[in-house]
Amino acid sequence: MAIPDLVEMFGVTPGRVRRMIEERYLLAVRVDGVLSVPEEFVLNDEPVVGLRGTALVLLDAGFTETEAVEWMLTPNEELDARPIDELRLGRKAGVRRATQGLAF
């Protein structure tokens, strides 16, 4: 989802959406030069609960934002699911356990 889509969905300014990305309430990557947030990172017209904390753990572990997005969207053997799907179901404790030991 591009910033204009999020502006419309959240009913906020583009600057507020950018702050949400800067503060890691949302993760974004460039797709064909356009800053984009995966649609899975939004639930009920809000950022997924637990996404920010997980993003901060991943970034502190040395992941780039692109690598963090990829990790969230890739099936995880320990979870037997994609981390973002577990967060969307409110299972952040399992996701946080899966992030332990990721630092390199």
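This dialogue goes through a few features of a predicted model, one at a time.

Reader: What kind of model is this, and how are its residues numbered?

Author: The model is predicted, so local features need pLDDT of at least 70 and side-chain atom pairs count only at pLDDT 80 or more, while totals for chains, interfaces and linings use all residues. Residues are numbered from 1 along each chain as its sequence is written, and side-chain values use heavy atoms, with hydrogens and water left out.

Reader: How is the packing of two helices described, and at what angle do helix 1 and helix 2 pack?

Author: Two packed helices are described by the angle between their axes and by the distance between those axes. Helices (H or I, at least four residues) and strands (E, at least two) are DSSP runs numbered from the N terminus, and axes are lines fitted to C-alpha atoms, for helices over the stretch in contact, with angles from 0 to 180 degrees between N-to-C directions. Here helix 1 (residues 3-10) and helix 2 (residues 14-22) pack at an angle of about 105 degrees, with their axes 9 Å apart. That makes helix 1 roughly perpendicular to helix 2 (65 to 115 degrees).

Reader: Which residues of helix 1 and helix 2 meet?

Author: Contact means heavy atoms within 4.5 Å. From helix 1, I3, L6, V7 and F10 meet P14, V17, R18, M20 and I21 of helix 2.

Reader: Which residues of helix 2 are buried, and what do they pack against?

Author: Buried means under 20% relative accessible area, exposed over 50%, and partly exposed in between, with a 1.4 Å probe and protein chains only. In helix 2 the buried residues are V17, M20 and I21. They cover an arc of only 100 degrees around the axis, which puts them on the same side of helix 2; the arc is that of the directions from the helix axis to the C-beta atoms. The buried residues of helix 2 pack against helix 1, strand 2 (34-36), strand 4 (46-47) and helix 4 (65-73).

Reader: Which residues are buried in helix 6?

Author: In helix 6 (residues 92-99), the buried residues are G94, V95, A98 and T99. Their arc around the axis is only 145 degrees, which puts them on the same side of helix 6. The buried residues of helix 6 pack against helix 3 (51-60), helix 4 and helix 5 (83-88).

Reader: Where is D45, and which residues is D45 in contact with?

Author: D45 lies in the loop between strand 3 (42-43) and strand 4, and at 45% relative accessibility D45 counts as partly exposed. Leaving aside neighbours within four places in sequence, D45 is in contact with M9 and F10.

Conventions. Angles under 35 degrees count as roughly parallel, over 145 as roughly antiparallel, 65 to 115 as roughly perpendicular and the rest as oblique.
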